[in-house]
Amino acid sequence: MATFVPPNERNARSPHLPFGDHRGAPFYGKDVISVSQFSRTDLEYIFGVAKEMRAMVERVGTFDLLKGKILANLFYEPSTRTSSSFLAAMERLGGSVIPINEVRYSSVAKGESLPDTIRTLECYADVIVIRHPEVGSAEVAAKYSKKPVINAGDGIGEHPTQALLDLFTIKEELGQVDGLTVTMLGDLKNGRTVHSLSRLLSTFVVRLNYVSPEILRMPPELVEELKVKGVSQKEFDALEPVLAETDVLYVTRVQKERFESQDLYEKVKGAFVITPETMEQAKEKMIIMHPLPRVGEISMEVDDDPRAAYFRQMEYGLYVRMALLAMVLGKA
Ligand code: NCD
C-alpha cells in the first residue's frame, strides 16, 4: 500500500525524483523540471496517456477529469503556444486557470521575489506552470512550492514539456525513434528546446547532427554530457553535408533576446533559411519540425510540403500537456 505523504512534506521528501520512482500513482505530486527525470518507461507511459487525451478530445472535446482543480500559469517571458496550450489543456480537462501572462501587471512589478510569488500561488492553485528568464528558476520555484511545478522554459536552460511534445511528434509521425538521424539547426547555444530535446533523445539510439554558425554552437558541457552517454554527435556549419541522411530536421529561431549585442544578432540572424529548394535534397520520408515562433528560418512556401510537421507539432503539444497535468495531479 502506498504510504500517505502529507502535501507539505511531498517536495521535501521527493524533490523531482525520477518519475518512475514511486509505486501506486507514480507521477502524483511530482515536479517537471528537466527531461533528465524521465526514463524510457516513463515516456511510454506519458505518450500512452497523451494518446488517450487525443481520443477524448476528438470524441467529446472537453471532459471533467480535473474538475475543481486550478492551474496557475505564471509567465515572466513572452509565450503564445506554451501558455495557451497549458490553458487549453487545463480547460479541456474541466479545470480552471489563473493566467499571469503579464507579470508587469502583477506584484512582480512591485519587486516581489520569485519565492514569495510562488508561496502566494500555491495557496490558490493545485499546480504551477512557470516560464522565467533565469536558468534554474523552475528549480527554485519547486523548492518553495508544496504543489507540483512544471518548467515551461527557464532562460537558456531547459524546456522539458516542449521536448516531450517534440518526441511525441517524432514517434507519431515516423513511427519510431531508435535508428533516426536528427539534425538540429539554428541557435543551438541559446535554444532551450534543443538542449532538452537532445538530452531526451539520448535515451534512444539516434545520430545527432548540430548545424549552426560558429558562435551559436551547442554548449560544450551538453555535448560532453551526451558523449559520456555514448550518443553519436557531429557539428557542422552548413546543412548540405547532412540533409540527405536526415530523418528529422529540427529548425530553431536565432534567440534575439539572449544577445548582448544587436550587431552580432544581425550578423547571424539570416544564417539559414529552409526553402522548397532545400527540401528537394531531403528524403521523401522525413519531417521538418520547429518549436515556433519562426522568424524567417523556414519560408512559408514550405508549409504545404507534407513533410512540414511544425503545425501538427503544436497540436501534439496539447495532448502531451493534458497528460502531464492529469498525471501530476494524480488522475492518470
Ligand atoms: C520556444 C521557447 O520559448 O523556447 N517556443 C516555444 O515554447 N514553443 C522557442 C523559441 O522561443 O524560439
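User: What covers the buried residues of α4?
Analyst: Keep in mind that this is a predicted model. The cover over the buried residues of α4 includes the strands β1 (70–75), β2 (96–100) and β3 (127–132), along with helix α5 (137–144).
User: And which residues of α4 are buried?
Analyst: Helix α4 runs over residues 114–124, and its buried residues are L114, P115, T117, I118, L121 and E122. They span an arc of only 155 degrees around the axis, so they sit on the same side of α4. C123 and Y124 are exposed, on the face turned away from that buried side.
User: OK, new topic: the largest nonpolar core. Which of its residues touch the most other members?
Analyst: That would be M184, L201, L208, M322 and L325, out of 66 residues in this core. Helix α12 (residues 310–328) gives the largest share, 11 residues.
User: What does L325 touch, leaving out residues up to four places away in sequence?
Analyst: L325 touches L66, L71, F86, A89, M90, L93, V127 and I150. There's also a second, separate core of 18 residues, with F236, V242, L249 and I288 among them.
User: L249 and I288, how do those two relate in the strands?
Analyst: I288, in β9, is the bridge partner of L249. Strand β8 (residues 248–251) pairs with β9 in the parallel sense, over 3 bridges.
User: What order do the strands of that open sheet come in?
Analyst: The order is β7-β6-β5-β8-β9, 5 strands with parallel pairing. At the edges are β7 (232–236) and β9 (287–289); each has a single partner strand, so one side of each has no neighbour in the sheet. From one strand to the next, the twist averages 20 degrees.
User: Which helix packs on the sheet, touching β6 and β7?
Analyst: Helix α8 (residues 220–228) does, touching β6 (207–211) and β7, and its direction makes about 150 degrees with that of β7. The buried residues of α8 are L222, V223 and L226. Those fall within an arc of 100 degrees seen down the axis, so they line one face of the helix. Their cover includes α7 (192–201), β6 and β7.
User: What's exposed on the other side of α8?
Analyst: P220, E221, K227 and V228 are exposed there. Just after α8, G230 takes a positive phi of about 85 degrees.
User: Now M218. Is that one buried or exposed?
Analyst: M218 is buried, because its relative accessible area is 2%, under the 20% cut-off. M218 is found in the loop between β6 and α8. Beyond its neighbours within four places in sequence, M218 is in contact with M184, L188, K189, V194, H195, S198, Y210, V223 and E235.
User: Last one, D247: where does it lie?
Analyst: D247 is in the loop between α9 (240–243) and β8. D247 is buried as well, with a relative accessible area of 9%.
User: What polar atoms does its side chain meet?
Analyst: The side chains of D247 and K283 are joined by a polar contact of 2.6 Å. A polar atom of the D247 side chain also lies 2.8 Å from the backbone nitrogen of T181. Setting aside residues up to four places away in sequence, D247 touches L174, G179, L180, T181, K283, K285, M286 and I287.

Methods: Residues numbered from 1 in each chain as written. Predicted model: local features only at pLDDT ≥ 70, side-chain atom pairs only at ≥ 80, totals over all residues. Heavy atoms only, no water. Buried < 20%, exposed > 50% of the residue type's maximum accessible area, 1.4 Å probe, protein only. Helix = DSSP H or I, 4+ residues; strand = E, 2+ residues; numbered from the N terminus. Arc of directions from axis to C-beta. Contact = heavy atoms within 4.5 Å. Core = buried A, V, L, I, M, F, W, Y, C linked by side-chain atoms within 4.5 Å. Pairing = 2+ DSSP bridges. Axes fitted to C-alpha atoms, helices over the stretch in contact; angles between N-to-C directions. Polar contact = N/O pair within 3.5 Å; in protein donor to acceptor, adjacent residues only side chain to side chain.
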